[in-house]
Structure formats: C-alpha cells, structure tokens
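This report describes side-chain contacts in one protein structure. The sequence and the structure are shown first, and the contacts follow by type.

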Amino acid sequence: MQKITYAKGDGIGPEIMDATLAVLKAAGARIDFEEIQVGEKVYLAGNSSGIGEEAWESIRRNKVFLKAPITTPQGGGYKSLNVTMRKSLGLFGNVRPCQSFHPFVSTKHPEMDVVIIRENEEDLYAGIEHQQTDEVVQCLKLITRPGSEKIIRYAFEYARLYGRKKVACFTKDNIMKHTDGLFHKVFKEIAAEYPEIESDNWIVDIGAARIADTPEIFDVVVMPNLYGDIISDITAQISGSVGLVGTSNIGQTCSMFEAIHGSAPDIAGKNIANPSGLLRASVLMLNQIGQQDIAEKIENAWLKTLEDGVHTVDIYKDGVSSSKVGTKEFGEAVIERLGSIPKMFKPAKYDSTVSIKIPEYKRPAPQNKELKGVDLFVDWKGSNPDQLAAKLQKLNDETTLTMITNRGVKVWPNGFEETFCTDHWRCRFEVKNGGKFSKLFITSLLNHAIVADIDVIKTENLYDFNGNRGYSLGQGQ
Ligand code: ATP
C-alpha cells in the first residue's frame with residue numbers, strides 16, 4: 001500500500017475529487033488516502049500561501065500529492081499555492097500529455113499526441129527583479145546546468161518509459177547564446193546517451209508555430225520554464241478540451257498531480273464539471289508510484305467511456321455523444337467499464353519494468369575561470385554616448401573603456417545616431433594589450449566613479465571559462 005496525500009480544493013474541486021477517488025478505489029488502487037486542507041479557506045484563515053503546517057507535514061511524509069484546483073481569494077497579499085509548492089518541494093519538472101480524442105472531442109488536430117515537459121524552477125521564474133534606473137527594470141533569466149540536466153534527462157527517460165520515439169527541444173539560442181545556449185548544449189549531450197530516441201532542436205518561435213499548426217509532427221518536447229508555460233497551455237487547448245488534461249509536477253523526492261484547469265466557480269456545486277483532468281492526473285500518479293496495472297485499467301476504462309459517447313456537458317455533442325452525464329455519473333460510467341479495452345482508441349499499455357530515475361547531479365571538475373574585464377552599468381540621463389565615454393575614460397589608467405551599449409546595442413564607439421537610448425548604459429572595461437585583469441581594478445573604477453559623480457548601479461564581471469568567452473558582446477559588433 002502506498003500512502004498519498006490529497007486535497008479536495010475549491011469550486012468544482014470536491015466534486016471532481018470525489019469522482020476520481022471513487023474510480024481509484026473501484027479499480028483496486030493500492031493506496032491509503034490522507035486528506036489535507038489547502039486553498040481558499042486556509043488563505044482566508046490568515047495563511048498567505050494557502051497551506052498550513054500539518055498539510056506540509058503530510059505531503060512531505062507521503063511524498064505524493066493529488067491536488068484538486070483551488071481558488072486564490074481576490075485582493076493582494078495571497079501567494080500562489082502552486083508556485084510555493086513547486087519551489088518548496090523542488091518540483092523541477094512539469095509534464096503535460098496533450099492528446100486529441102477525435103472524433104469524440106472536436107479538434108482541428110485529430111492526430112496529435114504530444115507531451116510537453118517544462119522546466120519548472122528556473123529561467124525568468126527565479127523571480128529576481130530590480131528597478132535600476134527611472135526607465136529600466138530587469139529580470140534575471142537563470143539557466144543552470146543541474147536544472148537543465150535534470151529536466152532534459154527526465155524527458156528522455158520519459159520517452160523511453162512510454163515508448164516514445166522523439167524528443168524535441170525548444171530554445172531561443174540564436175539570441176540568448178549563453179542561457180538558452182546552455183540548455184541546448186546539455187540537450188545535445190544527453191541526447192547522445194539515448195541513441196534509440198530521435199532528437200532535434202527548434203527555435204522556440206517556429207517550434208511554437210508548428211505545434212499550433214501541425215502538432216502531430218511532435219512527440220515529447222522539452223523546454224525552459226517560460227516557453228513551457230505558454231506552449232503547454234496552447235497545446236492543451238488545441239487538443240480539444242482543457243477539461244481532459246492532467247499534469248504532473250515531478251521532484252526528486254515529492255510529486256504533485258493535478259488537472260490543468262482552475263476551480264471553475266461558475267459551475268461549482270452543479271454536478272456538471274468534467275472530472276477527466278483530475279482522473280487522468282491520477283493515472284499519471286499511479287504510473288509514478290509503480291501501479292501501472294491500475295493506471296492502465298483506469299485509462300482504458302476512461303477511453304472506453306469516451307468512445308461509448310458518455311460525455312459531460314463540456315464535450316457533449318449531438319450526433320456524436322450518446323448520453324449527457326453529470327460529474328458523479330461520469331465517474332460511475334468509468335467504474336462500469338473497468339476491465340474493458342477501448343476499440344477505437346489505442347489501448348493504454350504501461351511498462352512496469354522500468355521507472356524514471358534521475359541520478360543525483362555530479363558537479364564536474366571546476367573550469368579554469370579567468371577574469372577578462374567588467375561591465376559597469378551606469379544611470380546617466382544624457383543622450384550622446386561620446387560625452388559619457390569621455391567621462392568614463394578618465395576613471396583610471398589600468399583599464400580601457402572598450403564599449404558602451406544601450407539595451408544591448410553598441411552605441412560607442414561608432415554608434416548610430418538613430419539608435420534610441422534609455423538612461424541605462426552598459427560600459428565595458430578591459431585591459432590594454434591582453435594583460436591580466438585584476439579585481440582591484442573594479443574597486444578602483446567604482447571608487448573613481450563615486451568621486452566623478454557617475455552613478456554606477458551594478459557591475460558584472462566578465463569571465464572566460466576554459467578559454468571560452470562567458471559573456472555577450474554588444475549587438476552590432
Ligand atoms: P485558474 O486561473 O484558477 O486556472 P481559469 O480562469 O483558467 O482558472 P478555469 O477555472 O479553468 O478558469 O475555468 C475556465 C472555464 O472552463 C470556465 O468557464 C469553466 O467553467 C470551464 N471549466 C474549467 N474546468 C472545467 C471542467 N473540469 N469541466 C467543465 N468545464 C470546466
């Protein structure tokens with residue numbers, strides 16, 4: 001028996017959770033269920049993240065959490081429960097299988113069967129933001145080697161476990177050569193360890209366009225956080241109904257499973273919600289906890305229910321559906337079909353002999369890191385970069401001003417008058433004739449900048465790693 005934690009949540013949550021639990025129990029899932037409270041009531045009781053001590057203890061003890069949707073109350077000060085869970089429990093990956101169920105659920109893409117695997121903790125979602133000048137705010141995009149290795153290896157292991165043939169990677173490394181470049185590089189390294197699985201890399205814009213247009217050419221797709229956030233919603237939507245999609249948030253020790261839709265307060269308490277998203281999330285959970293036999297049984301009964309035309313109102317269609325049922329009755333229809341195999345849809349077949357295990361990250365030997373210079377970021381309200389350069393060139397004798405950029409575009413030397421400039425200038429200092437750059441030069445530059453009344457708002461050291469440049473040049477160079 002495996003103990004799991006579950007929460008009924010808010011809105012339609014209790015109805016769809018009851019239907020899901022009934023199916024799990026009838027299917028003989030070897031599970032002990034432990035209920036916790038999360039969501040609206042907990043928020044309103046004064047807990048700003050919507051989850052209390054006891055609930056945390058239960059999740060951390062059981063390590064598997066089946067969560068119904070919750071409502072975050074209106075007004076400020078309430079933190080997203082999902083973001084809190086992801087970050088606190090180290091749920092590094094989000095897995096969202098998006099499949100069409102043509103002809104029973106209308107979709108323009110009858111052949112699609114795509115799994116989006118999204119990195120969940122890093123990228124712009126690290127939440128490190130600063131206002132630096134009147135006109136400029138910044139958000140740090142962090143891509144790490146351990147984070148990329150974990151999610152990409154997970155994607156390949158997932159493909160292997162579920163008999164998938166291809167893994168694609170979406171990045172924008174033609175622009176973000178270092179951040180997305182690292183994600184792509186790690187993808188290539190790991191792909192080489194799985195020669196039986198085809199792999200390819202797409203620039204995210206054209207990749208997203210092709211997913212929206214011809215999703216059937218994709219199989220498993222792995223990507224950094226922000227792209228994954230957007231593209232996984234598009235992919236679920238075009239599959240036909242967001243009401244049918246379940247998702248898993250995977251960590252090294254804990255995992256969380258949920259439907260992708262919200263608590264739908266507009267239809268709560270009416271017994272009309274489709275419980276399929278949460279039910280299918282529970283199938284992902286069963287696979288994760290090694291109960292592939294039960295996962296298969298439930299998925300096949302669910303597919304059979306769908307092809308028998310037993311539909312909830314959100315997918316009901318005259319001429320296609322045979323009966324319109326409520327939430328509870330839909331669950332009962334699935335229970336009646338436990339043990340049946342779908343005739344039109346490909347039956348689910350899950351392999352229980354392999355499981356997804358991500359090895360602990362091993363830090364490689366340290367690289368040879370050589371300081372090559374520094375970028376001083378300056379708040380300056382002037383408009384002619386030549387004037388700024390003249391002030392900066394006087395700062396010290398050990399270093400040379402080699403470049404000024406504004407919003408990444410080189411404006412000095414030899415800038416264009418047409419380039420629009422804000423009050424946020426990146427000013428690069430290096431040493432003449434390839435000499436050694438010392439950290440003491442940076443403090444000297446900063447001290448002299450204070451005396452010269454130049455407003456430096458941040459510095460960024462420029463390093464080579466094993467002889468490879470670890471920083472971007474200005475656009476236009
Ligand atoms: P959240 O911000 O909490 O994710 P949302 O604004 O995206 O919520 P949902 O709660 O997902 O909105 O609801 C969007 C629409 O989809 C609503 O009209 C709702 O009734 C419908 N809907 C959502 N889930 C279901 C479901 N399981 N069955 C039927 N209809 C649903």
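Lys 185 is partly exposed, at 45% relative accessibility, where buried means under 20% relative accessible area, exposed over 50%, and partly exposed in between (1.4 Å probe, protein chains only). Its salt-bridge partner is Glu 189, with the closest N and O atoms 3.9 Å apart; a salt bridge is a side-chain nitrogen of Lys or Arg within 4 Å of a carboxyl oxygen of Asp or Glu. Glu 189 is also partly exposed, at 34%. Lys 185 and Glu 189 are four residues apart in helix 6 (residues 179–191), so about one helical turn separates them. Helices (H or I, at least four residues) and strands (E, at least two) are DSSP runs, numbered from the N terminus.

The model is predicted: local features need pLDDT of at least 70 and side-chain atom pairs count only at pLDDT 80 or more, while totals for chains, interfaces and linings use all residues. Residues are numbered from 1 along each chain as its sequence is written, and side-chain values use heavy atoms, with hydrogens and water left out.

The structure has 31 salt bridges. In one of them, the side chains of Arg 61 and Glu 34 meet at 2.7 Å, N to O. Arg 61 belongs to helix 3 (residues 53–62) and Glu 34 to strand 2 (residues 31–36), so this pair ties together parts 27 residues apart in sequence. Glu 34 is buried, at 16% relative accessibility.

Another salt bridge joins Lys 381 and Asp 423, at 2.8 Å from N to O. Lys 381 is in the loop between strand 15 (369–379) and helix 12 (385–393), and Asp 423 is in the loop between strand 17 (409–412) and strand 18 (424–431), so the pair ties together parts that are 42 residues apart in sequence. Lys 381 is exposed, with a relative accessible area of 53%, whereas Asp 423 is buried, at 3%. Through shared partners, salt bridges join Asp 134, Asp 379, Lys 381 and Asp 423 into one network.

## Cysteines

How many disulfides does a search of the whole structure find? The search finds zero, a disulfide being a pair of cysteine sulfur atoms within 2.5 Å. For Cys 427, the closest cysteine sulfur is in Cys 421, 11 Å away, which is too far for a bond. Cys 427 is buried, at 0% relative accessibility, while Cys 139 is partly exposed, at 29%.

## Aromatic rings

A search of the whole structure finds 16 aromatic pairs. Rings of Phe, Tyr and Trp (its six-membered ring) pair if their centres lie within 6.5 Å; planes under 30 degrees apart count as stacked, over 60 as edge-to-face and the rest as tilted. Phe 156 and Tyr 194 form a stacked pair, 5.1 Å centre to centre with 25 degrees between the planes. Phe 156 is in helix 5 (residues 145–161) and Tyr 194 in the loop between helix 6 and strand 9 (198–203), 38 residues apart. Both residues, Phe 156 and Tyr 194, are buried.

Trp 202 and Phe 218 form a tilted pair, 5.0 Å centre to centre with 55 degrees between the planes. Both Trp 202 and Phe 218 are buried. Elsewhere, ring pairs link Phe 92, Tyr 154, Tyr 158, Tyr 162 and Tyr 350 into a cluster.
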